[in-house]
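Please look at the sequence and the structure first.

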Amino acid sequence: MAAITVDFQLCFIFILIWLFSYFCLYAFFLKKPKELQLQDCGLPPSPPSLPVIGHLHLLLSVPCHKSFQKLSSNYGPLLHLCVFNIRIVLVSSGPMAYEIFRTYDLNFATRDHEAPIMKKSILFGSFGFTSAPYGDYWRFMKKLLVTKLLGSHSLEQTRIIRGEELKTFRAMLFDKAEKNETVDVGKEIMKFSNNSICRMIMGRRCSEENGEAEKFRDLVTKSFSLLRKFLIASTVGRLLKKLGISLFEKEIMEVSQRYDELLEKIIKEHEENPNKKEDRDMMDILLEVCTDDNAEFKITRNQIKALFVELFLAGTDTSAQTTQWIMAELINHPEIFLKLREEIESVVGKTRFIQETDLSNLPYLQAVVKEGFRLHPQSPILVRNAKEECKIGGFYIPQNTTMIINSYAVMRDPNSWEYPDEFHPERFMVSPSKEKDDEREQLALNYLPFGSGRRGCPGAHLGNIFVGVAIGTMVQCFDWRINGDKVSMEETGEMSLSMAHPLQCTPVARINPLASFESGDP
Ligand code: HEM
């Protein structure tokens, strides 16, 4: 009996020791904390780097998207770069971009680190919506933008404004045709989109007479040329700031000051003569929120100014550059130009001008515009920050890593697109059948001209309208003459993508606007 008791005690002690050792083994060797598990996946591969500066020289090469594309085709679609001790991951494949924008969207919902030197600036500063971290301010402004400006319902309410601006654009083209004068396509589309956006957000055009409009357009162009400097400043600048060195501060603050003066004048006009409730524009709404103590979110005057600057930047040059690229492609591909004109004539007819409401009935025009956006994305580099560490494409991404997504490379990836460098709108003419679901999904996965996820472009619909009606008008009403046989498609631009030789061409009217044509305007 006594022997049985001893055996039981031994057995009990043995089980305890076994459980304890298993626990230790499990805790220290078998199961690792989450971060160690993630780290085990390893960082993405890294191309050769230089001592001290690491991969800084790659960030400095122009155009960035091209040198990044070359890098990814040599070393792989997910690369780990280091600039001094700052970590950057370069993404160049659709499926990996999908993980960032969709699977882990919330983790990557902030665009980049706040650049310390830009804090007081209207341009790229801490007042901005585009640079705002994902949080209450961003959510409040986004809701306002969608419900009051860029959503389908708001766009419907401002259709008449854009119709009037399109009429002015068309009249200018007929005038140029009559005088046999050359058109600077980018400049004219910039006027069209800039005037439309100004009237949509602050109820009036910028005046051409006192040079206000020209000043705004000039500032937009200057701001784009500062974008890459801003990216460099927001990565390397943080480090140099500690040494008392500020990068590009003077240049950025100068442009910011000029925006500030122009916008202060417009704000004062609104304060002195506010619109009636039914005619309120975006500026009236924001000023009301600014002074309302009970508003859901208290916004400041500088935040209003920064938002307006961002709307000019986001909406005007983007549409102007894209329209230029597409027009150049159409001139270089006369068979596509004629096919598009045939579609417009068969849908719109031969007695009225194309207008915004026709766009949804013109699938080939939509395909031409989509193909233009694919080949010539205005923002070829998208930036995000990893709030938490995670795993992308099977690799470890540490917390706070700056992610650079090369949408240019994704949209020209030969693994995802047939003839990736060719202008071939037919690829987007996928019939809406069930069997074609996979094909459409595959196209969408690799298509990023407007970015994607929470921080994707809220103005995509409006951008498509600007480009669609401008191209439709230029194809419907005119033939185009250029110097030489082909338009040069050479690229330039630092963070945006522009034509090295802006498109200059002469319209030849093929219809008499005063004869059988009705305006067709809303
Ligand atoms: C041709 C037209 C356009 C193109 C190609 C374009 C492209 C883009 C891209 C690539 C982004 C960054 C998206 C990301 O990081 O995922 C963006 C953001 C943005 N776009 Fe557009 N855009 C266009 C037109 C417009 C228009 C017309 C507006 C408004 C007037 C607009 C307003 C914005 C805003 C406010 C953001 C920042 C969104 C945020 O931070 O949450 N865009 N756009």
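How many bridges join strand 4 to strand 7? Five bridges join them, and the two strands run antiparallel. The model is predicted: local features need pLDDT of at least 70, side-chain atom pairs count only at pLDDT 80 or more, and totals for chains, interfaces and linings use all residues. Residues are numbered from 1 along each chain as its sequence is written.

**Overall make-up**

The protein has 18 helices and eleven strands; helices (H or I, at least four residues) and strands (E, at least two) are DSSP runs, numbered from the N terminus. Of its 522 residues, 40% are buried, meaning that 20 or more other C-beta atoms, placed from the backbone, lie within 10 Å of the residue's own. Among contacts with a separation of 6 or more, 77% link residues 24 or more positions apart; a contact requires C-beta atoms, placed from the backbone, within 7 Å.

**Strands**

In strand 4, four of the five residues are buried. I381 has N406 of strand 7 as its bridge partner. Elsewhere, three strands form an open antiparallel sheet in the order 3-11-8. Strand 3 (183-184) and strand 8 (478-481) are its edges, each pairing on one side only. R481 stands opposite T506 in strand 11. Two strands count as paired if DSSP finds at least two bridges between them. The table gives two of the pairings.

**A helix pair**

Helix 14 (residues 334-348) and helix 15 (residues 363-375) pack at an angle of about 140°, with axes 8 Å apart. Axes are lines fitted to C-alpha atoms over the stretch in contact, and angles run from 0 to 180 degrees between N-to-C directions. Helix 14 contributes I336, K339, L340, E343 and I344, and helix 15 contributes Y364, L365 and V368. Six of these residues are nonpolar, none polar and two charged.

**Around the ligand**

The ligand is surrounded by 26 residues, the closest being G315, G451, C457, G459 and G463; a residue is included if its C-beta atom, placed from the backbone, lies within 6 Å of the ligand. Helix 13 (301-332) and helix 18 (460-477) each supply at least two residues of this shell, and the largest share, seven residues, comes from helix 13. By class, the shell has twelve nonpolar, twelve polar and two charged residues. Ala, Val, Leu, Ile, Met, Phe, Trp, Tyr, Cys and Pro count as nonpolar, Asp, Glu, Lys and Arg as charged, and the others, Gly among them, as polar.

Terms used:
Buried ≥ 20, exposed ≤ 12 C-beta atoms within 10 Å, placed from the backbone. Contact = placed C-beta atoms within 7 Å.
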